[in-house]
Amino acid sequence: VTFDAFTFLSIPLPMEAHRFIQATLIPLDGTPPMRYGCKTPKEGFIKHLLDALAELCGMSPKTLVLMKLLSNASLLHLHEDENLDNVRDYDNVVAFPVVGISHALHSRRQLLV
């Protein structure tokens, strides 16, 4: 009887530490929307997605508001402290640049289009 080390040796499989989330920036100046692929930590928060999107589009994270487009054509505001598990791979995430009203939006959960 011979000893085969590979029969008894368990090797952990590498796990992805990041995930890519697509977000669409809808500018207010009439230019066409731009879709960005944002690399975020797998166990991250909406703040990580907001920071990644802001870096890609060259804006400040404080001037962007992230929303999730729901199936009934309403928008759900994504708070910075929410877990990224709330955003699925097939969700439509949109970002709007705002000036002066971002604090008012933080108090509302759902806005109708």
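Predicted model: local features only at pLDDT ≥ 70, side-chain atom pairs only at ≥ 80, totals over all residues.

Colleague: OK, is Lys68 buried or exposed?

Modeller: Lys68 counts as buried because its relative accessibility is 8%. Buried means under 20% relative accessible area, exposed means over 50%, and partly exposed is in between (1.4 Å probe, protein chains only).

Colleague: And what does Lys68 touch?

Modeller: Not counting residues up to four places away in sequence, Lys68 touches Ser74, Leu75, Leu76, Leu78, Asn86, Asp91 and Asn92. Contact here means heavy atoms within 4.5 Å.

Colleague: Zooming out, how many helices and strands are there?

Modeller: The protein has 3 helices and 6 strands, in the order α-β-β-α-β-β-β-α-β from the N terminus on. These are DSSP runs numbered from the N terminus, with helices being H or I of at least four residues and strands E of at least two.

Colleague: How much of the protein is buried?

Modeller: Of its 113 residues, 35% are buried. As for contacts between residues at least 6 apart in sequence, 55% join residues at least 24 apart.

Colleague: Let's switch to H2. Which of its residues are buried?

Modeller: Ile46, Leu49, Leu50, Ala52, Leu53, Ala54 and Cys57 are buried in H2. Their cover includes S1, S2 (34–41), S3 (64–69) and S5.

Colleague: How does the span of H2 compare with what it should be?

Modeller: It agrees: the 12 residues of H2 (46–57) should span 16 Å at 1.5 Å a residue, and the end C-alpha atoms are 17 Å apart. The expected span is 1.5 Å times one less than the number of residues. Just after H2, Gly58 takes a positive phi of about 75°.

Colleague: What about Leu53? Which residues does Leu53 touch?

Modeller: Leu53 is in helix H2 and counts as buried, because its relative accessibility is 0%. Leaving out residues up to four places away in sequence, Leu53 touches Ala23, Tyr36, Cys38, Leu64, Leu66 and Ala95.

Colleague: And where is Glu80?

Modeller: Glu80 lies in the loop between S4 (74–77) and S5. Glu80 is partly exposed, with a relative accessible area of 35%. Setting aside neighbours within four places in sequence, Glu80 is in contact with Phe45, Ile46, Lys47 and Leu50, and Ile46 and Leu50 are among the buried residues of H2.

Colleague: New topic: how much space is in the largest pocket?

Modeller: About 160 Å³. The closest to its centre, of 14 lining residues, are Gln22, Arg35, Asp91, Asn92 and Val93. Asp91 and Asn92 also touch Lys68.

Colleague: How is a pocket defined?

Modeller: On a 1 Å grid over the protein atoms alone, a pocket is an open set of points where a 1.4 Å probe fits, with protein on both sides within 12 Å along at least five of seven lines; lining residues have an atom within 4 Å of a point. The volume is the space filled by probe spheres set on the points, which are joined across faces, edges and corners.

Colleague: Which element gives the largest share of the lining?

Modeller: S1, with 5 residues.

Note on methods:
Residues numbered from 1 in each chain as written. Heavy atoms only, no water.
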